[in-house]
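Have the sequence and the picture ready, and follow along residue by residue.

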Amino acid sequence: MSQPNLLGIEDLEPAEILRILDAAEHMVEIGHRAVKKVPTLRGRTIVNLFFEPSTRTRASFEIAGKRLSADVINFSPSSSSLKKSESILDTARTLDAMDPDAVVVRHGVAGVPKRVADVLSAPVINAGDGAHEHPTQALLDCFTVRQQKGRIDGLTVTIVGDILHSRVARSNIYAFLKLGAEVRVAAPPPMLPPHVEQMGVKAFTSLREALDGADVVMALRIQNERLAGAYFPSAREYSATFGLDRAKMRYAKDDAIVMHPGPVNRGVELSHDLADHRPSVILDQVRNGVALRMAVLYLYAGRRTADEG
Ligand code: CP
């Protein structure tokens, strides 16, 4: 990889994205074994530094590290010296003094993983920062699409929902465009970033038009606890116009797949039925998250191993 840290998809070359996806293909096979463990990162230490809640990302980074035989430490901000006013950067420096081989960072403020990377000698993996990027989510999404469709180049990917606040949307836009897909975004006007088309996407305020001929439909989580009333009148109204169900999916291609990064607000951005059954690939995304993050840890935390090998 050309850079020591994985801070965003924006920084990656298409060939680097493909290298990670190809490495993840090998990791899938390890997950099918009776003993799901290889010695690749034996003796290495991974620190999970999550300042925001997470189920999928944190658990899959932990499982990924353990499947590669790394020692994985889950740092808990609520029981750390952050509670005694130690700063995030001093926390990072303190952990760095214990010689980890990679630090996985999630924070609610955009740019924190970059600031942490600036003071660390270990590689930093961004596990989601504010509305900036969530690179490993986009990589596992690309992996899942390639697994389901056999390719990414030439596909039409429609991302539906809160594009303005979504780090998942941002990383996926970069990733799918770099790999040759057409990317469309669809949302109520206040949820579309100004000038979003300058990123290379096609923007729609009509879901029907955005879905027309789509191969992949990705719904985003609506943060209705924070946004209802400010960006759309109510969750019910959002669901009626932009919530995906089987009737609306008829506008997409017959074999279109439905994706969601999770957690899902059932009945808001996705109907219960669509969340649980094909063409949904939501649990494939979760499953692939482990293999993809194994690949990322191998390529970043195992740099010396990879370079020597
Ligand atoms: N998709 C995602 O980041 O989920 P978590 O918040 O559960 O990690």
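Aspartate 245 is partly exposed, with a relative accessible area of 25%. This is a predicted model, so take everything here as computed from it. The side chain of aspartate 245 meets that of lysine 248 in a salt bridge, with N and O 3.9 Å apart. Is lysine 248 buried or exposed? Lysine 248 counts as buried, because its relative accessibility is 13% and the cut-off for buried is under 20%.

Stay with lysine 248 for a moment. You'll find it in helix 10, which covers residues 246-249. A polar atom of its side chain lies 3.3 Å from the backbone oxygen of serine 239. Setting aside neighbours within four places in sequence, lysine 248 is in contact with Leu207, Leu211, Ser239, Ala240, Thr241 and Gly243.

Side chains of opposite charge can pair when their charged atoms come close. By the rule used here, the count comes to 17 salt bridges. Here are some of them, with the N to O distance for each pair.

| Pair | N to O distance |
|---|---|
| Arginine 33 and glutamate 29 | 2.9 Å |
| Arginine 184 and glutamate 182 | 2.8 Å |
| Glutamate 25 and arginine 146 | 3.0 Å |

In the next pair, arginine 184 counts as buried at 12% relative accessibility, whereas glutamate 182 is partly exposed at 26%.

Now step back to the whole chain. It is divided into domain 1, made of 9-133 plus 287-308, and domain 2, made of 135-285. The C-alpha centres of the two domains lie 26 Å apart. Their contact takes 31 residues from domain 1 and 27 residues from domain 2.

The size of an interface is often given as the accessible area lost when the parts come together. For domain 1 and domain 2 that comes to about 2,500 Å², with 59% of it on carbon and sulfur atoms.

The rule finds four salt bridges between the domains, along with 19 residue pairs in polar contact. On the side of domain 1 that touches domain 2, the elements giving two or more residues are helix 1 (14-31), helix 2 (56-67), strand 3 (102-107), strand 4 (124-129) and helix 12 (282-300). Helix 1 gives the most, with nine residues. By class, this side of domain 1 has 14 nonpolar, seven polar and 10 charged residues.

**A buried methionine**

Methionine 218 is buried, with a relative accessible area of 0%. Leaving aside neighbours within four places in sequence, methionine 218 is in contact with Asp141, Thr158, Ile159, Val160, Asn172, Phe176 and Met259. Methionine 218 and glycine 161 are 57 residues apart in sequence, and their C-alpha atoms are 8.7 Å apart in space.

**Backbone details in the loops**

The peptide bond from glycine 262 to proline 263 is cis, with omega near -10°. Proline 263 lies in the loop between strand 9 (257-259) and helix 11 (272-276). Arginine 278 and proline 279 are also joined by a cis peptide bond, with omega about 15°. Proline 279 is in the loop between helix 11 and helix 12.

Then there are residues other than glycine with a positive phi. Serine 85 has a phi near 75°, and its place is in the loop between strand 2 (71-75) and helix 3 (88-96). Histidine 195 has a positive phi of about 60°, and it lies in the loop between strand 6 (182-186) and strand 7 (202-204). Are these residues buried or exposed? Serine 85 counts as exposed at 69% relative accessibility, and histidine 195 counts as exposed at 61%.

Technical notes
Residues are numbered from 1 along each chain as its sequence is written. This is a predicted model: local features need pLDDT of at least 70, side-chain atom pairs count only at pLDDT 80 or more; totals for chains, interfaces and linings use all residues. Side-chain values use heavy atoms; hydrogens and water are left out. Domain bounds come from an automatic or database domain assignment. Contact means heavy atoms within 4.5 Å. Buried area is the accessible area (1.4 Å probe) that two parts lose on being put together, summed over both. A polar contact is a pair of N or O atoms within 3.5 Å; within protein, one must be able to donate a hydrogen and the other to accept it, and residues adjacent in sequence count only if both atoms are side-chain atoms. Helices (H or I, at least four residues) and strands (E, at least two) are DSSP runs, numbered from the N terminus. Ala, Val, Leu, Ile, Met, Phe, Trp, Tyr, Cys and Pro count as nonpolar, Asp, Glu, Lys and Arg as charged, and the others, Gly among them, as polar. Buried means under 20% relative accessible area, exposed over 50%, partly exposed in between (1.4 Å probe, protein chains only).
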